[in-house]
Every structure is written in C-alpha cells, then in structure tokens.
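User: Please take a close look at the aromatic side chains in this model and at the packing around them. Which rings pair, and in what setting do they lie?

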Amino acid sequence: MASEWSSPLPPTPTSAGLPVDHPQLSSLVLKNPLGLTPAFQVNLNAAAQGSSPLLSPVLSDAGGARIEEDDEMKRKRYPTDKAYFIAKEILATERTYLKDLEVITVWFRSAVIKENAMPEGLMTLLFSNIDPIYEFHRGFLKEIEQRLSLWEGRTNAHVKGDYQRIGDVMLRNMRILKEFTSYLQKHDEVLTELEKATKRLKKLEMVYKEFELQKVCYLPLNTFLLKPIQRLMHYKLILGRLCKHYTAEHRDFADCRNALKEVTEMTSQLQHSLIRLENFQKLIELQHDLIGIDNLTAPGREFIREGCLYKLTKKGLQQRMFFLFSDMLLYTSKGVTGTNQFKIHGHLSLHGMLLIVLDPPVEESENEWAVPHCFTIYSAQKTIVVAASTRLEMGKWMEDLNVAIEMAKKSTEKSEMLLENSVCNRSNRSSDEVSLEQESEDDIHSSRSSLDRQSHHRANTTMHVCWYRNTSVSMTDHSVAVENQLSGYLLRKFKNSNGWQKLWVVFTNFCLFFYKTHQDDYPLASLPLLGYTVSSPVEADGIQKDYVFKLQFKSHVYFFRAESKYTFERWMEVIKRATSSPARSSLLLPKEEKDSHTD
C-alpha cells in the first residue's frame with residue numbers, strides 16, 4: 001500500500017486537453033514552427049480566467065483531500081537514501097519547469113494565433129528557439145520519471161540491474177542539452193524583439209496584457225523566457241549536492257561529477273548573458289506596471305532596489321513605492337487608475353545626490369518627532385525626507401543609494417539625457433515631482449480604494465507585495481531567489497484546523513503557489529512570503545509530527561509537513577535564503593536590530 005507521499009506516476013500528461021505525445025503537439029516543432037493547427041486552439045478562457053486568492057489566507061480549509069494520520073509504517077517501504085530524495089527534487093522541479101515552458105509553447109502561442117497578433121518573423125524567432133528546448137525536456141522528464149519508478153521498485157517490469165542512481169541519466173541529457181546552447185544564446189534577442197513589437201503593435205500589446213491576467217500566467221510573462229537559462233543553474237546546484245553527498249568510490253559519483261562538469265561549462269558561457277537578461281526583464285516588468293515613464297529600458301540603466309518608504313508631505317508621512325536605478329530614483333503612489341499600476345510622483349537624478357540621516361532630537365517630545373529611521377535625500381531638483389519601516393530597511397536603502405550615487409559620479413553625463421527622455425512631462429511644469437499641494441486628495445483616496453479592487457494575481461508582483469508588507473527587495477535578492485526555487489508535495493495545515501491537506505507546492509519569485517496535483521495547469525492560490533518568518537514549530541503549536549516547518553507573518557500562521565529530513569531541510573533553506581535578504585549593512589547593526597527587522 002502506497003504511503004500518503006507516494007504519487008503514482010501520472011497517466012500520459014496532457015497539455016490543454018491533448019496528450020503531450022499527440023501528433024498535433026509534435027507538429028509544433030516538427031512541421032510548423034509558426035503555430036498550432038486550428039484544432040489545437042485552446043480555449044484559454046475556460047481554463048485560465050478568474051481571480052486567484054491574494055495575499056492573505058489561501059485555499060480555504062474546506063475542500064481538498066484530507067490525509068489520514070499514522071503513515072509512518074507505509075513511508076518506510078520507500079528508499080530513504082538522501083540521493084533518492086535529491087533525485088526526487090530533480091523530478092519535482094523538472095515537472096514545474098516543463099509546465100513553465102508550456103506557458104509560452106502552448107498557452108501564449110494559442111492566444112497570439114487566435115487574435116493573429118504577432119508578426120510571422122517574431123513567431124519564428126520566438127518559437128523556433130523555445131520549441132526544441134521544450135521537446136528535449138519532455139523526453140528528459142519521461143526518463144527521470146522512469147528511473148525514479150525503478151528506484152522505488154514500483155514498476156511491474158522485472159528488470160535486473162542497478163537503478164538506484166541518477167548520474168547516468170543526468171550525464172547523458174546534459175551532453176544533449178549542450179547542443180541547445182545556441183538557442184539559449186538567442187533568448188536576449190527574443191526578449192528584446194518581443195518588447196519592441198509589443199510597444200509598436202497595439203493588438204499584440206493588448207493580447208500580451210490580457211494573457212498576463214490569465215491564471216496560467218502566474219508570473220510576469222517574460223520571466224518564463226528566462227527559465228531555460230535559469231534551469232541550467234539549478235542543474236548545477238543540484239548536481240553539486242549529489243557530488244557532495246557521494247563518496248568518490250560510489251558507483252554514481254563519476255557520472256554525477258562529469259554531468260556537473262558539462263553543465264558548468266554551459267552556465268559559465270551564459271552567466272553574463274543571464275545577469276543582463278534578468279536586469280532587462282525586470283525593467284520591462286516595471287515599465288508595464290508604472291504610469292508616467294516611457295523608456296525605462298534605456299541602454300545602460302540597471303535596476304537596483306524597489307520597495308516601500310514613507311515620504312514627508314504637508315499631510316504628514318505618506319506611503320510611497322520607491323524604485324532605485326543606476327541613474328535615478330523614482331517614487332510613486334498606488335493604483336490611481338484602478339488597474340493596480342503605480343503612478344510616478346517624482347524622479348530624482350543620482351548625479352550630485354547626497355544623503356543625511358536624521359536622528360530624532362532627544363529633547364523634543366515624542367509627539368513632535370515620533371518617526372525613527374528617517375533620512376533626507378538632497379538632489380539637484382529638490383529635497384525629500386523619507387522614513388523606512390525598520391532600521392534594517394533604512395540601512396539597505398542607504399547602502400544601495402550611496403553605492404549608486406558613487407557609481408553615477410563615475411559615469412558620463414549620458415544618464416542625464418536618458419532621464420530627460422524617459423520621464424513623461426505631462427504639463428508645462430518641470431517633470432520634477434508634483435509639488436506637495438498637487439499631491440491631491442484624489443490621488444490619496446484612489447490609492448486607498450484601489451486596495452479593495454485587487455482582483456487578480458498580478459497583485460503578486462514583487463512591487464505589490466513590497467507595498468503591502470512594507471518592505472523592499474534588491475536585484476541581488478532577485479538573483480538569490482532564482483537559485484532558491486523548489487517544487488514538491490507538502491501537507492498543509494492551518495493554525496486552527498486538525499487535518500492535513502496534500503498540495504503540490506511551487507516556490508518561486510518569493511511566493512508559494514498551491515496546486516491540487518503536479519499536473520494542474522495553473523495554481524489554485526498563492527502566498528507571497530516576503531516578510532514571513534520560517535521556523536520549526538514550538539511546543540505550544542501542538543504539532544506532533546516530524547519534518548514540519550512553520551510560516552508566520554503577524555497573525556497569519558501555516559504549517560507545512562515534508563516527507564523526509566532532506567526535503568524538510570531543503571524547504572527551510574530555500575525559503576530562508578529567498579526571503580531574509582540580510583544586507584551587507586546588517587553586519588553593522590546590533591544583534592537586537594537584526595532580530596527585530598521583521599516587526
């Protein structure tokens with residue numbers, strides 16, 4: 001009898017209602033790189049529309065399979081070797097990766113063909129680069145599934161041989177994947193051309209925006225184009241763990257080491273390209289979500305940090321989102337248009353900028369100055385006073401601002417021209433900040449009411465989460481998060497419930513996404529983890545099970561139970577790494593400050 005953790009290998013996986021080995025889907029690559037046959041046009045609306053729950057408790061406690069307890073005896077029938085669980089992680093994350101590729105190869109293709117929205121040349125460029133990679137990974141996934149099935153002894157095939165290893169499968173496939181490097185090197189061009197066409201063609205822009213509102217597009221669309229290069233980084237990390245686990249004499253060690261060598265050659269070739277692409281992707285994402293700036297993707301501009309600070313106005317401190325780039329600092333208010341976008345209120349050039357920390361005067365009463373973590377930003381255009389939510393947050397902003405100001409001093413005056421050209425001057429006034437009087441009541445009211453209008457998962461973008469959780473995220477944090485992605489089945493329990501619910505969970509972009517099974521095309525719900533702490537349960541929590549971790553943000557508490565010590569440690573590790581982001585400046589803070597930074 002299978003344990004609650006066993007997930008029988010699926011019947012033939014399906015994509016949009018067709019088996020993936022269906023001849024029509026094969027024809028995507030073999031016969032027709034431009035698109036699907038008419039029969040394959042997916043009804044996106046049926047499967048993918050609707051709103052997904054947002055930032056607070058996810059997936060109601062009702063519904064979903066309940067798991068009976070006392071499964072410990074069943075669990076013991078399965079392999080317990082750490083290498084087996086590492087191989088299982090390869091399988092779980094490969095399943096998610098293939099689904100991510102399908103967002104482009106199946107779902108987005110269907111959307112653009114249905115509306116005839118993409119020029120033929122761009123169709124060819126996009127799909128001729130991603131289809132062969134998708135086809136390769138479909139075969140690779142089947143091989144991993146077969147090997148795990150043999151390793152677990154769940155197959156009826158009475159074969160002799162040693163199948164409790166994964167290195168040979170990895171080595172063979174990493175060697176084949178090397179032949180796809182030229183496709184991966186073109187992803188830069190693909191991303192650039194797609195963005196250019198979206199700006200130029202209104203119909204494509206509309207299809208793109210509408211597609212991003214579909215549940216199946218659970219991340220900003222262009223992030224899926226970066227997944228193939230990022231996946232190589234994951235193979236490298238996971239093969240490194242296998243090599244570290246094995247002794248040099250182990251029968252699987254040599255294959256794992258050679259597979260690691262192959263993938264390391266690929267990642268070193270593509271590393272520089274990935275850093276540039278991740279920056280470009282982030283600029284495009286912000287361009288779509290900010291109102292009042294035209295060419296955020298100007299050459300040479302780098303994204304550094306985004307997050308929430310409070311700005312001093314005539315009405316007192318007002319919450320604002322700030323965006324720091326290598327040449328400027330933007331600040332915005334929230335959702336004036338009702339589309340969850342942020343409207344730019346001001347921009348400051350970094351050239352000649354100066355920061356001064358304000359310590360609250362001791363002699364004044366708390367009423368007169370009750371705002372800690374303040375600093376003043378002096379720029380050529382104007383002076384603003386801002387406050388951070390914690391001392392740690394203030395340290396992160398000040399450090400990044402100071403580094404960026406120093407870098408701006410060394411750069412040429414080109415960035416001044418970029419700034420003039422990119423921020424829309426919508427009146428005869430200088431395109432400097434709207435003055436305090438012009439930060440109208442309307443802006444503030446619409447900002448507030450838009451919080452009630454959150455109706456789709458685009459509110460899970462990092463900027464929206466930073467707004468709600470009163471925190472910030474740097475480009476470095478984004479890069480760390482890319483390395484710390486994980487998928488797999490977990491049992492989930494609410495603070496006040498008794499039963500455990502089995503869910504397929506994907507952790508990416510600082511967020512947990514919940515599915516009923518790994519075969520589902522889109523998540524049921526999501527939980528952004530910025531601001532959450534991850535820990536082991538305490539006695540008062542009353543959790544009597546092994547391998548349980550606890551997620552908490554203020555009064556929101558969730559428990560998740562993993563199937564093994566290795567899996568439990570991996571979930572704890574990736575969540576901690578991706579959500580804690582201690583700045584270098586935190587080394588300067590006293591211990592109590594570090595401990596209180598999530599208050």
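Analyst: The answer below begins with the aromatic pairs and then turns to the surrounding packing and a few backbone details.

The model is predicted; local features need pLDDT of at least 70 and side-chain atom pairs count only at pLDDT 80 or more, whereas totals for chains, interfaces and linings use all residues. Numbering starts from 1 along each chain as its sequence is written, and side-chain values rest on heavy atoms, with hydrogens and water left out.

Across the whole structure, 21 aromatic pairs are found. Rings of Phe, Tyr and Trp (for Trp, the six-membered ring) pair when their centres lie within 6.5 Å; planes under 30 degrees apart count as stacked, those over 60 as edge-to-face, and the rest as tilted. Y218 and F513 form an edge-to-face pair, because their ring centres are 4.8 Å apart and their planes stand at 75 degrees. This pair links distant parts of the chain: Y218 is in the loop between α9 (202-212) and α10, while F513 belongs to strand β15 (residues 511-515), 295 residues apart. Helices (H or I, at least four residues) and strands (E, at least two) are DSSP runs, numbered from the N terminus. Y218 and F513 are both buried, a term for under 20% relative accessible area, with exposed meaning over 50% and partly exposed in between (1.4 Å probe, protein chains only).

The rings of Y532 and Y558 make a tilted pair, since their centres are 6.4 Å apart and their planes at 35 degrees. Y532 is in the loop between β16 (525-528) and β17 (533-535) and Y558 is in strand β19 (residues 556-561), so this pair ties together parts 26 residues apart in sequence. Y532 is buried, at 5% relative accessible area, and Y558 also counts as buried, at 1%.

F136, F140, F180, Y183 and Y235 belong to one aromatic cluster. Charged groups also meet rings: R109 lies over the face of F127, 4.1 Å from the ring centre, and the charged end of K502 sits over the ring of Y489 at 4.8 Å from its centre. Such a contact requires NZ of Lys or CZ of Arg within 6 Å of the ring centre and within 35 degrees of the ring normal.

Helix α15 (residues 462-469) is mostly covered, with 7 of its 8 residues buried, W467 and H464 among them. N470 follows α15 and has a positive phi near 60 degrees; N470 lies in the loop between α15 and β12 (472-474) and is partly exposed, at 22% relative accessibility. Most residues other than glycine have a negative phi. An aromatic residue, Y547, likewise has a positive phi near 60 degrees. Y547 is in the loop between β17 and β18 (548-553) and is partly exposed, with a relative accessible area of 28%.
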